[in-house]
Amino acid sequence: MIAYLVTIAILVCVAALVGLALNLQWGQAGLVNFGVVGFVAIGAYAAALLTPQVGWLPAMIAAGALSAALSAGLALLSIRLEENYLAIVTLGFGEVVRLVILNEGWLTNGALGIPDIPRPFASLGESIGGDAVFIVFALGLLAIVFLALEGMARSPFGRALRAIRDDATVTSALGKNVFLLRVKAFAVGGAVMGVAGALHAYYLTYIDPSQFTPIVTAYAFMAVIAGGRGSNVGLLVGAGSIMALLEGTRFLKDVIPVIDGVQLSALRLGLIGAGIVLLLILRPQGLVPEPKRRAADVLPKAGGGR
Amino acid sequence: MAAQLFFNGLVTGLLIALPALALTIVFGVLKFANFAVGSMLTLGAYAAWVANVQLGLPLFGAAAIAALTVAGAGLLADQLAFERLRARGSITLLVASMGVSLVIENVCRFFFGNASRGFDVALSRPIRWEGIRINQEQITIAITVAVCLVLVDALLRFTPLGRAMRAVADNASLAAVRGVERRTIARLTWVLVGALLGLAGVLAGLDRAIDPLIGWNYQIPIFAAAILGGLGSPLGAVAGALVIGVAEEMSALVIPTNYRQVVSFSVILALLLFRANGLFGAKAARK
Amino acid sequence: MSAPAPIAALSATDLRAGYGRGDDIVRGISLDQAPETILAVIGPNGSGKSSLVKTLAGLLDIRAGRVAVTGRDVTRETPAKRVAAGLAYVPQEANVFPNLTIGENLKLATEFLRGRAGVGPEQRERVLGLFPEIGARLKTRAGDLSGGQRQMLAFASALLANPEALLLDEPSAGLSPKIVGQTMEAIVRVRETGVTVLLVEQNVAAALDVADEAVVLVAGQVSLRASASDMKAADLGALFFAKVA
């Protein structure tokens with residue numbers, strides 16, 4: 001039972017990292033990213049391939065940096081696009097990443113995946129217990145990222161992002177470089193997704209392309225919607241409750257014995273979809289609403305109105 | 001070889017034309033990108049499979065059932081999800097459509113599993129013409145799509161419903177004060193779009209194996225076609241679909257077939273970068 | 001000015017409305033308009049003039065109050081039903097369907113008005129008689145029309161519904177002075193066919209020339225109502241920029 005709770009806690013950490021990243025991009029900056037899974041996968045593969053060569057810390061930094069660089073690159077190309085177009089470009093990017101991983105076997109081992117990924121503090125884990133050490137590591141990582149992102153949300157950068165989301169025209173008229181701010185938001189989000197991917201790889205110690213389906217993206221969106229767009233605290237609550245819900249459905253198998261494995265996973269994925277729609281309808285402000293900070297607070301002269 | 005690929009590409013393009021048309025109509029009238037196009041196509045394929053294989057109906061009967069089923073699903077999704085979120089803007093709607101997509105895809109997976117399925121149709125010998133192999137399925141696809149396109153074009157141009165749909169696309173609040181009930185037009189739009197996606201599902205099921213991801217595999221080509229044609233332009237979507245179909249098939253001459261899907265993505269990216277309005281107009285850049 | 005009729009052609013009672021969750025923009029407006037009159041609504045920018053006509057037409061959510069057309073309560077009706085009840089509306093500038101032809105614009109104006117009396121071929125003849133330049137070019141895309149022609153098509157589309165009352169939102173916007181004159185003449189012709197006109201205008205002089213009466217709107221409330229001739233003599237600048245309690 002304890003082992004099971006530890007597993008859930010670590011999965012929540014990964015989901016929360018991905019969610020925090022999307023919360024920066026979509027929740028705070030208003031930029032849709034349907035390619036979340038692509039950045040997570042890049043981070044996971046970078047960590048898996050580099051850790052044996054250079055050790056976990058440099059590998060993890062590289063995972064974040066590579067993901068951030070690709071995210072910035074994609075943003076440079078497409079961030080000017082209106083949301084419907086940005087959505088399809090990012091979705092397409094996610095698919096391209098999947099295809100590359102699947103087809104470039106010399107690097108990624110294709111569909112077979114990469115086994116035996118060394119965990120950070122593995123030797124320490126042998127004496128104390130692997131998962132106990134790992135959960136401290138995961139929680140520590142989450143805490144660092146959370147504090148960094150919270151600091152960012154309160155900084156002029158974060159305020160400017162929300163101002164752009166609420167009214168890009170006014171904000172750019174006031175001399176903010178909307179384009180650059182959006183690219184930065186995408187890059188930072190990409191970095192966090194890469195780190196989340198690395199954590200995922202370290203925890204499972206084995207990765208293959210089947211772990212990186214668009215469902216990862218859907219989870220992240222649900223976490224952000226559930227938590228309340230823009231609120232990092234809400235995001236943690238959102239990611240936690242989703243994992244609880246998802247893991248809870250595993251028990252359905254015991255309650256409804258006629259259900260087989262495929263049906264169970266279909267049920268869980270369908271619930272995620274229904275959850276997204278329901279939460280959008282019922283809780284437009286999420287479980288923990290974003291504190292009211294409008295463009296007018298940031299930019300005194302932005303007021304006016306109709 | 002090249003001629004064969006070109007021909008196959010035209011047929012693939014015709015296959016993509018119906019869902020691309022559906023995507024572009026929803027975008028024009030209801031103002032959001034419907035990410036559930038792929039899964040609605042999947043639903044159509046399964047509905048037809050049940051009618052054809054389990055109930056023993058001939059394929060055209062099964063196609064009618066598929067069209068009705070997906071039209072019903074579209075109405076339901078509109079009633080339960082999209083209509084309630086209408087006032088919240090297109091980002092919310094497109095995220096919601098992703099949720100709807102997951103629901104539909106997994107309803108199919110729940111009832112039919114991940115196994116591949118196929119219609120119960122007689123195998124027939126391909127025809128040879130000028131060195132090109134033409135399958136019976138390809139002929140069926142081409143004729144069905146051509147008839148659908150003519151009908152949709154006539155509907156949009158010559159009927160009160162078509163006028164009203166174009167008017168709502170042009171200026172929804174003006175249409176309302178000219179007596180057009182937006183709600184009615186939205187519902188009828190979903191019926192039309194659902195029927196198109198249902199038929200597209202049947203045709204896709206003729207072309208390849210039916211599984212829960214059959215529609216998802218077309219998702220990016222569908223978007224590429226509609227964006228190429230300028231989202232919101234029906235004529236453009238059809239032209240875009242033919243270009244995408246041919247480009248995907250012909251790409252086999254220069255890149256590994258594993259990377260076929262990258263073609264559509266590259267077309268989208270290149271187009272949005274260099275010609276942000278598509279071939280036929282429509283604004284892609286934000287303010 | 002004609003004598004007050006027992007039933008107002010158009011009436012608003014304590015009307016309040018606004019956008020989304022925002023503050024009220026229309027803040028308790030009451031208006032009664034006698035049949036076959038032209039009432040000008042004037043006021044400074046942002047005083048809620050456009051919001052008032054949108055509220056009357058049904059495009060803005062009514063939070064309190066009541067709207068009636070020839071005595072019939074339409075407060076809870078959709079915009080489309082209000083047209084069927086005799087309340088037509090010509091929005092500012094974007095008031096025709098640019099991708100439809102003139103003919104299609106005109107057809108669309110009536111084909112969804114089930115149950116509206118007096119909508120038919122005779123009405124079409126009469127309306128096209130008022131705007132002959134429109135009837136001659138049915139195949140032209142409305143988006144290709146000049147500003148003045150577009151305005152005439154918009155008037156014609158609204159009048160095809162055989163309305164009791166017509167709401168006009170800044171018909172002079174974006175038009176050259178000469179075309180503004182023609183537009184105002186057209187408004188007088190429309191009134192002569194028995195239609196009551198509520199005219200929101202930024203161009204105060206032009207509006208007061210054709211109106212019977214005028215109201216001044218400041219900050220979403222009626223601050224003065226007077227005959228058009230009295231209004232011309234009033235110090236509008238002081239009225240527009242007076243502080244409202």
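Which residue of S10(C) stands opposite Leu217(C)? Val222(C) does. The model is predicted. This report starts with the strands around that pair, then turns to whole chains and to aromatic contacts.

**Strand S9 of chain C**

Strand S9(C) covers residues 213–218. The strand is mostly covered, with 6 of its 6 residues buried. In a regular strand, side chains alternate between the two faces of the sheet. In S9(C), Glu213(C), Val215(C) and Leu217(C) point one way. Ala214(C), Val216(C) and Val218(C) point the other way. Both sets are buried.

S9(C) pairs with S10(C), which spans residues 221–227. This pairing is antiparallel and runs over 6 bridges. The two strands form a hairpin with 2 residues between them. Ala219(C) sits in the turn and has a positive phi of about 50 degrees.

S9(C) also pairs with strand S3 of chain C, residues 38–42. Here the strands run parallel and are joined by 4 bridges. Leu39(C) stands opposite Glu213(C) in this pairing. Glu213(C) is one of the buried residues of S9(C).

**Chains B and C**

Chain C holds 10 helices and 10 strands. Its radius of gyration is 17 Å, close to the 18 Å that the globule rule gives for 245 residues, so chain C is as compact as a globular protein of that length.

Chain B holds 11 helices and 2 strands. In sequence order, its elements follow the pattern α-α-α-α-β-β-α-α-α-α-α-α-α. A compact globule of 287 residues would have a radius of gyration near 19 Å, and the 18 Å of chain B agrees with this.

The table sets out further values for the two chains.

| Property | Value |
|---|---|
| Span of C-alpha trace, chain C | about 55 × 40 × 40 Å |
| Box of C-alpha atoms, chain B | roughly 55 × 45 × 35 Å |
| Buried residues, chain C | 52% of 245 residues |
| Buried residues, chain B | 58% of 287 residues |
| Accessible surface, chain C | about 10,400 Å², 51% from carbon and sulfur atoms |
| Accessible surface, chain B | about 11,100 Å², 67% from carbon and sulfur atoms |

In chain B, residues 24 or more positions apart account for 76% of them.

Tyr46(B) lies in helix H2 of chain B (residues 37–54) and Phe112(B) in helix H4 of chain B (residues 90–112), so the pair ties together parts that are 66 residues apart in sequence. Both Tyr46(B) and Phe112(B) are buried.

Ring pairs also build a cluster with members from chains A and B. Trp26(A), Phe34(A) and Phe221(A) are linked there with Phe35(B) and Phe223(B).

Chain A also has arginines placed over rings. Arg80(A) lies over the face of Phe179(A), 4.2 Å from the ring centre. The charged end of Arg119(A) sits over the ring of Phe134(A), at 4.6 Å from its centre.

Definitions and conventions
Residues numbered from 1 in each chain as written. Chains lettered and ligands numbered in written order. Predicted model: local features only at pLDDT ≥ 70, side-chain atom pairs only at ≥ 80, totals over all residues. Heavy atoms only, no water. Buried < 20%, exposed > 50% of the residue type's maximum accessible area, 1.4 Å probe, protein only. Phe/Tyr/Trp six-rings, centres within 6.5 Å; stacked < 30°, edge-to-face > 60°. Lys NZ or Arg CZ within 6 Å of the ring centre and 35° of its normal. Rg over C-alpha atoms; globule rule 2.2 N^0.38 Å. Areas by Shrake-Rupley, 256 points an atom, 1.4 Å probe, with all protein chains shown as cover. Pairing = 2+ DSSP bridges. Contact = heavy atoms within 4.5 Å.
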